[in-house]
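The sequence and structure come before the details.

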Amino acid sequence: MEWQPIETAPKGVVLKDGMHNYGPRVLVWSNSFAEPMRARWWFATEEQSNFIADGGYAVFPSHWMPLPPPPEHV
């Protein structure tokens, strides 16, 4: 897995919550972050769309990568 430009991040809807649509969770990166964080694309209208981090706040990342797979049970 390598970091990719944020323009290539998945924005397809995987969850609908009323008037809001959410994409799949991914890792995102910005030079203003101290570390990578988990976020997903959020869309309500063309004017209201951006990445939302866990906790519900907007983030404006520069790069993304898929989340690693969960560990297998031993």
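Predicted model: local features only at pLDDT ≥ 70, side-chain atom pairs only at ≥ 80, totals over all residues.

## Strand pairing

Strand 5 and strand 6 make a hairpin, with five residues between them. The two strands pair in the antiparallel sense over five bridges. Within this pairing, Ala 39 has Ala 53 of strand 6 as its bridge partner.

Strand 6 is also joined to strand 7, residues 58-59, by two bridges, and these strands run antiparallel. Ile 52 stands opposite Ala 58 in strand 7. Strand 6 and strand 7 form a hairpin too, with four residues between them. In that turn, Gly 55 has a positive phi of about 105°. Strand 6 is mostly covered, with four of its five residues buried.

## Nonpolar core

The largest nonpolar core has 12 residues: Ile 6, Ala 9, Val 26, Val 28, Phe 33, Met 37, Ala 39, Trp 41, Phe 51, Ala 53, Val 59 and Trp 64. Strand 5 gives the largest share, three residues. In soluble globular proteins, nonpolar side chains tend to be buried together.

Ile 6 belongs to this core. Apart from neighbours within four places in sequence, Ile 6 is in contact with Val 28, Phe 51, Pro 61, Ser 62, His 63 and Trp 64.

## A loop residue

Leaving out neighbours within four places in sequence, Ser 30 is in contact with Phe 60, Pro 61 and Ser 62.

Conventions. Residues numbered from 1 in each chain as written. Heavy atoms only, no water. Core = buried A, V, L, I, M, F, W, Y, C linked by side-chain atoms within 4.5 Å. Buried < 20%, exposed > 50% of the residue type's maximum accessible area, 1.4 Å probe, protein only. Contact = heavy atoms within 4.5 Å. Pairing = 2+ DSSP bridges.
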